[in-house]
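Have a look at the structure first, then read on.

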Amino acid sequence: MEFSLNETQAMVQKMAREYATRVIAPVASAMDRLERFPRAELKGLAELGLMAVNVPVELGGAGAGPVAYALAMQEVARACAATAVTMAVTNMVGEIIAAFGTDTQKKKYCPRLASGEFVAGSFGLSEPEAGSDPGGMRTTAIEDGDEWVINGQKQWITSGAYAGVIVVWARTGDREKLPGHRGISCFLVEAGTPGLKIGKAEDKMGIRGSNTVGLTFDDCRVPSSALLGQLHGGFKIAMTALDGGRIGVSSQAIGIARAALEESVQYARDRRQFDKPLFEFQATQHKLADMQVDIDASHLLAMRAAWLKEHGRSFSREASMAKLYSTEMVQRVCNKAVQIHGGYGYIREFAAERHLRDARVTTIYEGTSEVQRIVIARSLLS
Ligand code: COS
């Protein structure tokens, strides 16, 4: 069993840490307060190859693999969870197109996502009435000559207002004949396509630098060539992409938790009560030790899932396990971090409260904890 990183993985991790620490971390708090989208920071990440870590080199990506991607996500999330989620979804979109696109689609979109020419990509699956159950979606795409006409609504779309291209799922089959997950197809919709309306940005609890909008499709016409993958084969594309996305969110949670732990250790050293540093109290030490173990357990789960993906093995259950454990873990860790900081954990002067707010969404997006348990439990029966 090999626990060390290869040269590429170590290099990506180092590069991501250096950039995230030097450029992103210093502005993370202001980004949160001002709800500023990290446009410049994303450009910097693209220049380092981090917006398409697992996209093949011939398509403009870094071709560094899922383990390197997970490590890079951890580093960026340690600096700023909002930047990390934007990076994650763009990576996901590049990977979907690289995996399922035609040659023309790959050549058209992957290099632009990787280079930062498109500041972001978006994943348009969820709807107001279809979150955990995407098979219940109502958005339709009807064929009309050599075009598809899309009508419907999407919700919780990360980077929707900034994306150059949005992967959109819509029902292409008759609801009666092809119910649920059957009869769903996937389309690539470019920004500015007539009939695509971007809703107002959601006012979120955390990851406030990221952009989250609803999308309305009102007779939005895209060419036949916008179909991604097989007709009616969209649900499997979504599930495959989400498996990978769950490693990304797990890594995001680990990055946030690391920041919370490191800042707690520093605070426990600096803060004195009863004539000694907090660190010398066993109650503090126990909290810090539990945080460290929890983070490491999550990291091992995430690395295993990424390793399986890298080696072309089945990793759906392991990705769900990593996502479930890490995102529940980050709640515990961030809560402890606030507790260690005492009153200072409750004000904006310290980052502990931001980490707690940023962490909260991770048990919800890319499949709730409840959905992960469904995936894990079903795998026990198969
Ligand atoms: N990879 C590839 N295919 C998969 C898959 C996976 N991980 N999981 C399921 N499928 C396939 C199944 O094999 C099945 O195909 P067949 O009809 O050919 O047998 C099909 O997809 C439907 O699978 P299933 O019956 O399990 O689908 P369900 O509707 O019961 O949904 C869950 C299963 C709940 C796991 C799924 O809907 C899900 O992940 N929901 C959460 C969605 C989500 O994460 N949304 C957040 C979006 S980002 S904010």
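**Pockets, cavity, cores and rings**

The largest pocket has 46 residues in its lining, and G131, I364, E366, G367 and T368 are the ones that lie nearest its centre. Keep in mind that this is a predicted model. That pocket holds about 1300 Å³ of space.

**More on the largest pocket**

- Elements giving two or more residues to its lining are α4 (81-100), β3 (147-158), α6, α9 and α10 (369-381).
- Helix α6 gives the most to this lining, with 8 residues.
- Sorted by class, the lining of the largest pocket has 21 nonpolar, 15 polar and 10 charged residues.

**The second largest pocket**

- About 540 Å³ of space lies in the second largest pocket.
- Its lining is made by 16 residues, with E2, F3, M303, R304 and W307 nearest the centre.
- Helix α7 (residues 282-310) supplies the largest share of that lining, 7 residues.
- The lining of the second largest pocket splits into 8 nonpolar, 5 polar and 3 charged residues.

- Searching the whole structure for cavities of 30 Å³ or more turns up 1.
- The largest cavity contains about 40 Å³ of space.
- Its lining is made up of A28, M31, D32, C80, A82, I207, R208, G209, R354 and D358.
- Both α1 (7-34) and α9 (352-360) put at least two residues into the lining of the largest cavity, and α1 has the largest share with 3 residues.
- By class, you'll find 5 nonpolar, 1 polar and 4 charged residues in the lining of the largest cavity.

**Nonpolar cores**

- In soluble globular proteins, nonpolar side chains tend to be buried together.
- Here, the largest nonpolar core has 86 residues, and L45, F123 and W169 have the most contacts inside it.
- Helix α6 (residues 234-270) gives the most to this core, at 14 residues.
- There's also a second, separate core of 18 residues, with I150, I157, A170 and C220 among them.

**Rings and charges**

- The structure has 8 aromatic pairs.
- Y267, Y344 and F350 are linked into a cluster by ring pairs.
- K276 has its charged end over the ring of F281, 4.7 Å from the ring's centre.
- R332 has its charged end over the ring of Y325, 5.4 Å from the ring's centre.

Notes: Residues numbered from 1 in each chain as written. Predicted model: local features only at pLDDT ≥ 70, side-chain atom pairs only at ≥ 80, totals over all residues. Heavy atoms only, no water. Phe/Tyr/Trp six-rings, centres within 6.5 Å; stacked < 30°, edge-to-face > 60°. Lys NZ or Arg CZ within 6 Å of the ring centre and 35° of its normal. Core = buried A, V, L, I, M, F, W, Y, C linked by side-chain atoms within 4.5 Å. Buried < 20%, exposed > 50% of the residue type's maximum accessible area, 1.4 Å probe, protein only. Helix = DSSP H or I, 4+ residues; strand = E, 2+ residues; numbered from the N terminus. 1 Å grid on protein atoms, 1.4 Å probe; cavity = no way out; pocket = protein on both sides within 12 Å on 5 of 7 lines; lining within 4 Å. Points joined across faces, edges and corners; volume = space filled by probe spheres on them. Nonpolar A, V, L, I, M, F, W, Y, C, P; charged D, E, K, R; others polar.
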